[in-house]
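Subject: Structure for you to look at

Dear colleague,

Please keep it in view while you read.

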Amino acid sequence: MYEEYNKHDVATYAGYLNDNAKILQSSSGGIATALSEFILQQGGYVVGVTYSDDFSKAEYVIIDNASDVQKLKGSKYIDCDKKNIYSDVKKLIDAGQKVLFFGLPCIVGALYNFIGERPENLLTCELICHGPTYAKVHSDYIAFLEKKYGSRIIDFSVRHKNGAWRPGYLYAKFERKETAFYEWF
């Protein structure tokens, strides 16, 4: 069995940003921000996951400008809506566009299976999977917090740094600015 996997050339890289402000805005070391900015500067596209406007779900989006990188920041840890993302990425690849795709290993594998090849103009970044939460559990939790604090959530993070790398916090900012919720995990 090892021989079958030994034939694959898979490059693995690690890195981090050398900008403390950007690192504090990132879930981990900020490599996703660095890669995204690089691809966008070359006129390419970045594909990643963002929260819906009400933070009740996560969904795949394609961005083509640096001002939208902020939307993709932060781990979501929930099953996301993929819509037509595989066919949309394939159209960009077939048109010769550079594409950077972020996803869990199973989602990246599904993308390659859908495309049927490993094109040179597609760069993928597989995130370490901690086991995504069911989308309904997440949406119910958002509804619970909004009811508990009597205000609509306007910002949410499951890996908020609260000014430092550790410990990690769940974070919810509510429409009523005096209300914020931090929970250490």
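Before the residues themselves, one term is needed: a residue is called buried when its relative accessible area is under 20%, exposed when it is over 50%, and partly exposed in between. Please also bear in mind that this is a predicted model.

With a relative accessible area of 44%, Lys71 is therefore partly exposed. Its salt-bridge partner is Asp68, and the closest N and O atoms of the two are 3.5 Å apart, while Asp68, at 18% relative accessibility, counts as buried. In general, side chains of opposite charge can pair when their charged atoms come close.

The side chain of Lys57 meets that of Glu59 in a salt bridge of 3.9 Å, N to O, and Glu59 is buried, with a relative accessibility of 15%. Lys57 also forms a salt bridge with Asp81, where the closest N and O atoms are 4.0 Å apart. Because Lys57 lies in the loop between β1 (45-51) and β2 (58-63), and Asp81 in the loop between α4 (69-72) and α5 (85-94), this pair ties together parts that are 24 residues apart in sequence. Asp81 is partly exposed, at 31% relative accessibility.

To return to Lys71 and Asp68, they form a salt bridge; salt bridges that share partners, in turn, join Lys57, Glu59, Asp81 and Lys83 into one network. The count comes to eight salt bridges.

Best wishes

How values were computed:
Residues are numbered from 1 along each chain as its sequence is written. This is a predicted model: local features need pLDDT of at least 70, side-chain atom pairs count only at pLDDT 80 or more; totals for chains, interfaces and linings use all residues. Side-chain values use heavy atoms; hydrogens and water are left out. Buried means under 20% relative accessible area, exposed over 50%, partly exposed in between (1.4 Å probe, protein chains only). Helices (H or I, at least four residues) and strands (E, at least two) are DSSP runs, numbered from the N terminus.
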